Amino acid sequence: PVGPAPVVPVPVVPPPPVGPQPLDDQAFGSLLKAVDDAPFSDDQLGLLKIAASGYFTCAQVGALIDQISFSADKVEAVQILRPHIVDPENAYTLNEHLSFSDDRRKVMAMFQP
């Protein structure tokens, strides 16, 4: 008698991610270096405006604003990138990258519904 055919395990492939995906490590590293190398904050913000066609995590935004010297420019950088942040629920982590409570209030207000 012939028994049942052997069961072959089917590899489980995770479903593709839903929604926009943040920059991968290589692309983000290149952007971070470019922002760090930019001589003036206007140049840094200009780079962020160009990069804002991509998407970012709050951790990536925090690393980017760490490269910017002036607090007003840090706030502006978050404003530029805000529509492209994939994990707004982690916005509170940006406070660690801002020195002044007024800047923290402005940034947190950007994430209010």
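Visitor: At what angle do helix 1 (residues 25–37) and helix 3 (residues 58–65) pack?
Guide: Residues are numbered from 1 along each chain as its sequence is written, and side-chain values use heavy atoms, with hydrogens and water left out. This is a predicted model, where local features need pLDDT of at least 70, side-chain atom pairs count only at pLDDT 80 or more, and totals for chains, interfaces and linings use all residues. Helices are DSSP runs (H or I, at least four residues), and strands are E runs of at least two, numbered from the N terminus; axes are lines fitted to C-alpha atoms, for helices over the stretch in contact, with angles from 0 to 180 degrees between N-to-C directions. The axes of helix 1 and helix 3 lie 9 Å apart, and the packing angle is about 20°.

Visitor: How are helix 1 and helix 3 oriented, roughly parallel or roughly antiparallel?
Guide: Angles under 35 degrees count as roughly parallel, over 145 as roughly antiparallel, 65 to 115 as roughly perpendicular and the rest as oblique. Helix 1 and helix 3 are therefore roughly parallel.

Visitor: Which residues of helix 3 does helix 1 meet?
Guide: Contact means heavy atoms within 4.5 Å. From helix 1 come Phe28, Leu31, Leu32 and Val35, and in helix 3 they meet Gln60, Ala63 and Leu64.

Visitor: Which helices do the buried residues of helix 4 (residues 71–81) pack against?
Guide: Helix 4 has several buried residues, among them Asp73, Lys74, Val75 and Ala77. For helix 4, the partners of its buried residues are helix 2 (41–51), helix 3 and helix 5 (101–110).

Visitor: How many helices does the protein chain have?
Guide: From the N terminus on, the elements run α-α-α-α-α. With zero strands, the secondary structure of the protein chain comes to five helices.

Visitor: What is the radius of gyration of the protein chain?
Guide: The C-alpha atoms fill a box of roughly 80 × 30 × 20 Å along the principal axes. The radius of gyration is taken over C-alpha atoms, and the globule rule is 2.2 Å times the number of residues to the power 0.38. A compact globule of 113 residues would come near 13 Å, but the protein chain has 20 Å.

Key:
Buried < 20%, exposed > 50% of the residue type's maximum accessible area, 1.4 Å probe, protein only.
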